[in-house]
Amino acid sequence: MGISVSLFTKIMINAYMFYAEPQGTNYRTEISKVLQSVLAIFILFKITYVVFFTVLALVSTAAVVYTIACIYITKDISVKNVMKVVLKVWKRLIITFLLKFIFLFSYTIAGIVIFILGVVLFASKEILLTIFVIVFVVVYLCAFVYIALIWYLADVVSVLEDSYGMKALNKSQILMKGKMKMISCVCLVLGLCFIGVEQLLKVLVVSRDDQQLWIRICIGILCLILLSISLLFGLVAQTIVYFVCKSYHHENIDKSLLADHLGGYQWEYVPLKSKDVQLETYEP
């Protein structure tokens with residue numbers, strides 16, 4: 001985050017100097033070269049960051065979900081087996097991730113278009129414009145939170161069941177029914193922990209130029225450790241929430257069948273059918 005902010009600041013400063021300098025001067029040409037260089041570095045850094053973070057997130061998700069599932073069925077765990085699982089399920093997770101990204105992008109574009117149309121329509125009526133903006137923000141945020149909660153379990157479903165992509169999202173929506181408050185609280189607590197560590201890093205490291213370098217490095221390492229712990233804890237909680245939701249809907253997982261399913265990852269992966277994973281719904 002600090003590197004990104006620093007590069008963006010340099011871009012804004014050079015852009016201001018570029019437009020403030022008269023045309024045709026050598027200094028304007030030099031600023032243009034520096035601006036293009038910094039902008040290229042910024043774009044390359046952003047692309048590298050997004051790709052690295054996405055790959056790391058997918059690998060971590062597959063590894064943690066598999067590990068927690070093995071603990072649940074008291075199955076032996078090894079680094080070798082975990083890596084085999086990652087290699088088997090990464091395509092399923094990528095499909096689910098890409099679908100989520102496309103849906104989020106489409107949702108954001110639709111929201112921007114609706115907001116612009118509403119502002120243009122009610123521009124001459126201040127009261128109606130204010131009401132529209134308030135209603136739009138509330139509805140947009142509520143819908144965004146609901147979508148985020150649906151996504152919360154989709155990755156776990158992609159690993160432990162035969163569903164991925166849209167099927168995983170639909171399955172996640174079914175599982176979260178009746179447990180919306182619990183999932184919301186878990187996401188809220190995890191989000192606050194993540195934001196807290198990020199703000200701690202910003203206040204004590206990024207914004208403290210007067211601090212000694214070795215102190216900033218030590219604090220940065222500590223924040224990195226805390227951030228890693230919070231992310232891993234979030235993945236563990238995500239898997240546990242999946243099991244809780246399955247139990248709530250009386251879709252208890254047969255441990256012996258799940259053990260066969262997880263064991264299949266070590267050899268040839270054969271997707272486990274939903275009827276194999278789930279026990280029949282209990283009759284009251």
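The legends below describe close-up views of a predicted model.

Figure 1. The predicted model contains 9 helices and 0 strands. Along the sequence the order of elements is α-α-α-α-α-α-α-α-α. The protein has 284 residues, of which 32% count as buried. Its accessible surface is about 17900 Å², and carbon and sulfur atoms account for 73% of that surface. Taking contacts between residues at least 6 apart in sequence, 72% join residues at least 24 apart.

**Figure 2. Packing of helix H3 against helix H4.** Helix H3 covers residues 79–121 and helix H4 covers residues 126–160. Their axes lie 11 Å apart, at an angle of about 175°. Angles over 145 degrees count as roughly antiparallel, and H3 and H4 are therefore roughly antiparallel to each other. The contact of H3 with H4 is made up of 19 nonpolar, 5 polar and 3 charged residues.

**Figure 3. Aromatic rings between H3 and H4.** The structure holds 7 aromatic pairs. One of them joins Tyr107 and Tyr140, whose rings are stacked, with 4.8 Å from centre to centre and 20° between the planes. Because Tyr107 lies in helix H3 and Tyr140 in helix H4, the pair ties together parts that are 33 residues apart in sequence. Tyr107 has a relative accessible area of 18% and is buried. Tyr140, with a relative accessible area of 21%, is partly exposed. The cut-off for buried is under 20% relative accessible area, so Tyr107 at 18% is buried, while Tyr140 at 21% is partly exposed.

**Figure 4. Crossing of helix H4 and helix H7.** Helix H7 covers residues 213–248, and its axis comes within 9 Å of the axis of H4. The two axes cross at roughly 75°. Angles of 65 to 115 degrees count as roughly perpendicular, and H4 and H7 are therefore roughly perpendicular to each other. The residues of this contact divide into 10 nonpolar, 3 polar and 1 charged. On the H4 side they are Tyr152, Leu153, Asp155, Val156, Val157 and Leu160. On the H7 side they are Gly234, Ala237, Gln238, Thr239, Val241, Tyr242, Phe243 and Cys245.

**Figure 5. Tyr242 and Phe243 at the contact of H7 with H4.** Tyr242 and Phe243 are among the H7 residues that meet H4. Their ring centres are 5.5 Å apart and their planes stand at 65°, so the pair is edge-to-face. Tyr242 has 0% relative accessibility and counts as buried. Phe243, at 12% relative accessibility, also counts as buried.

**Figure 6. Surroundings of Thr239.** Thr239 is found in helix H7 and is among the residues of H7 that meet H4. With 0% relative accessibility, Thr239 counts as buried. Leaving out residues up to four places away in sequence, Thr239 touches Val65, Ile68 and Val156. Of these, Val156 belongs to the H4 side of the contact with H7.

Figure 7. Lys179 lies in the loop between helix H5 (166–176) and helix H6 (180–206). Apart from neighbours within four places in sequence, Lys179 is in contact with Val244, Cys245 and Tyr248. Cys245 is also among the H7 residues that meet H4. Lys179 and Val241 are 62 residues apart in sequence, and their C-alpha atoms are 9.2 Å apart in space.

Figure 8. His249 lies in the loop between H7 and helix H8 (255–264). Not counting residues up to four places away in sequence, His249 touches Ile174, Leu175 and Lys177. The C-alpha atoms of His249 and Gly178 are separated by 8.7 Å, although the two residues are 71 residues apart along the chain.

Definitions and conventions
Residues numbered from 1 in each chain as written. Predicted model: local features only at pLDDT ≥ 70, side-chain atom pairs only at ≥ 80, totals over all residues. Heavy atoms only, no water. Axes fitted to C-alpha atoms, helices over the stretch in contact; angles between N-to-C directions. Helix = DSSP H or I, 4+ residues; strand = E, 2+ residues; numbered from the N terminus. Parallel < 35°, antiparallel > 145°, perpendicular 65-115°, else oblique. Nonpolar A, V, L, I, M, F, W, Y, C, P; charged D, E, K, R; others polar. Contact = heavy atoms within 4.5 Å. Buried < 20%, exposed > 50% of the residue type's maximum accessible area, 1.4 Å probe, protein only. Areas by Shrake-Rupley, 256 points an atom, 1.4 Å probe, with all protein chains shown as cover. Phe/Tyr/Trp six-rings, centres within 6.5 Å; stacked < 30°, edge-to-face > 60°.
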